[in-house]
Amino acid sequence: MDTPADDAARPPLGIRPDRYPITVLGVLIVAYTFNFLDRQILGILAGPIKADLGLTDSQLGLMGGLAFALFYTGLGIPVAWLADRWSRTWIMTGALTLWSGFTALCGFATGFWSLFLARMGVGIGEAGGVAPAYSLIADYFPKTHRARALAAYSFGIPIGSALGILFGGLIAHAIDWRAAFIIVGLAGVAFAPIFRLIVKEPKRGAYDEPVNAPAPPLAEQAPAAPPPGAVALLLRKPSFWLISLGAAASSVCGYGVAFWLPSFFERSLGMSLVDRSLFLGVITLVGGVIGVWAGGWLGDRLGPKRPAAYLLVPAGAFLIALPCFFLAIQSQSLALAFFLFIIPQGLNLAWLGPVITAVQHLVPVAQRSVASACFLFVNNLIGLGLGTWYFGAVSDALTPRFGEESLRYAIYSGLVFYLVASALFIVGSRRLKHDWVA
């Protein structure tokens, strides 16, 4: 267990104290990049895996969603409970090692069940990778910069997704799909000790103390035990449910489309593995980074004066994203589709900074890890667990009528979830100020 005596009382040698929070954020972004790289690589490898192991779209959807989400969501809350009481940095180090190791094991799968179980292992590891990071960032950055810091952390989503698409496709083309899993998995295992060496445990809630309190020290301190009842507190707040279900609705479409777009490009547009890796990788990276940062910037600019803005910003983004996605899927021109996809790709991720910031302020400081885990439980159990399976199941159901084009119509049907997400966020924005904890 971490105590103040276990770690240095200042940043690692060579890192300036005033730059240290930025350094920590950078390392957390790299860890989150591995998180999404290992999570999303299955999408670009779906074609080769389906051909090699003889799987259906529904089975691939289960492995991309339920296999991962089952333990990822179920273990997230108890792991976060532990993170509110023990070292978040040690928990994240162990989690990074675990999910990366299971990613490598995916390369040894021989059929549906062996790959399903390996993906479950990835989900078990990633259960400890996000909620503790949200809590760490909230303790390293003041309220006025928190949405942007959380948005910057969320860069790991488009960067990791893009690298998973790019590296997965290129390695599979050069060697095979098994090598892609093994190489990216072992890279994450190698990064884990570097993460632990650099990231120190900050004082909890230092930036949430009274304005005239002394500046928070960088020395690690033993965390105070959080007050009981974090889950019960959230369950009584309507805004928590509206935020979580709104994010989950958007994630059904977000995760589902992200997983199946490589297969759509192959079946409907006839793109090769390398071409669709490059095409989708650039879209994911450029659009995602711009969208994540824009959402965080708007959240910091509008949210401190009007908390409702933390939900109204993503609600508007989803309403704009819906027609853009529809037109992009409908386009037969690769050049036009490229630009049309960048817009909704960015808008699809603009919710991250504002919404995660709002969740942090629904509970007292010492309960933030559990609050984040409860939010992630709802978001990922529905969004990730249902999203990839939904599109695969609808595609299988429509195949007798539409053949190779069935995936196109499955994606069309899923866009309605953006309307649901926007409606829930708009209603939630009216309750947010009432449920806010300063």
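Reader: Before anything else, what is a disulfide?

Author: A disulfide is a covalent bond between the sulfur atoms of two cysteines. To count as one here, a pair of cysteine sulfur atoms has to lie within 2.5 Å.

Reader: Okay, and how many disulfides does the structure hold?

Author: In this model, which is a predicted one, the number of disulfides is zero.

Reader: What about Cys106 and Cys253, are they buried or exposed?

Author: Cys106 has a relative accessible area of 0%, and because buried means under 20%, it counts as buried. Cys253 is likewise at 0% relative accessibility and is therefore buried.

Reader: Switching topic, where is Pro202 found?

Author: Pro202 sits in the loop that runs between helix H10 (177-198) and helix H11 (230-235). With a relative accessibility of 3%, Pro202 counts as buried.

Reader: And which residues does Pro202 touch?

Author: Leaving aside residues up to four places away in sequence, Pro202 touches Arg88, Leu136, Asp139 and Tyr140. Thr89 is 113 residues from Pro202 along the chain, yet their C-alpha atoms are separated by 9.7 Å.

Reader: Now the surface: which residues make the nonpolar patch?

Author: The patch, with an area of about 620 Å², is made by Val231, Leu235, Trp241, Leu245, Leu381, Ile382, Leu386 and Trp389.

Reader: Which helices supply them, and where does the largest share come from?

Author: H11, helix H12 (238-267) and helix H17 (368-402) each supply at least two residues, and H17 gives the largest share, with four.

Reader: How about Ile382, is it buried or partly exposed?

Author: Ile382, which has its place in helix H17, is partly exposed because its relative accessible area is 33%, between the 20% and 50% limits.

Note on methods:
Residues numbered from 1 in each chain as written. Predicted model: local features only at pLDDT ≥ 70, side-chain atom pairs only at ≥ 80, totals over all residues. Heavy atoms only, no water. Buried < 20%, exposed > 50% of the residue type's maximum accessible area, 1.4 Å probe, protein only. Contact = heavy atoms within 4.5 Å. Patch = residues over 30% accessible without salt bridge, like charges linked within 9 Å, V, L, I, M, F, W, Y side chains within 5 Å. Areas by Shrake-Rupley, 256 points an atom, 1.4 Å probe, with all protein chains shown as cover. Salt bridge = Lys/Arg side-chain N within 4 Å of Asp/Glu carboxyl O.
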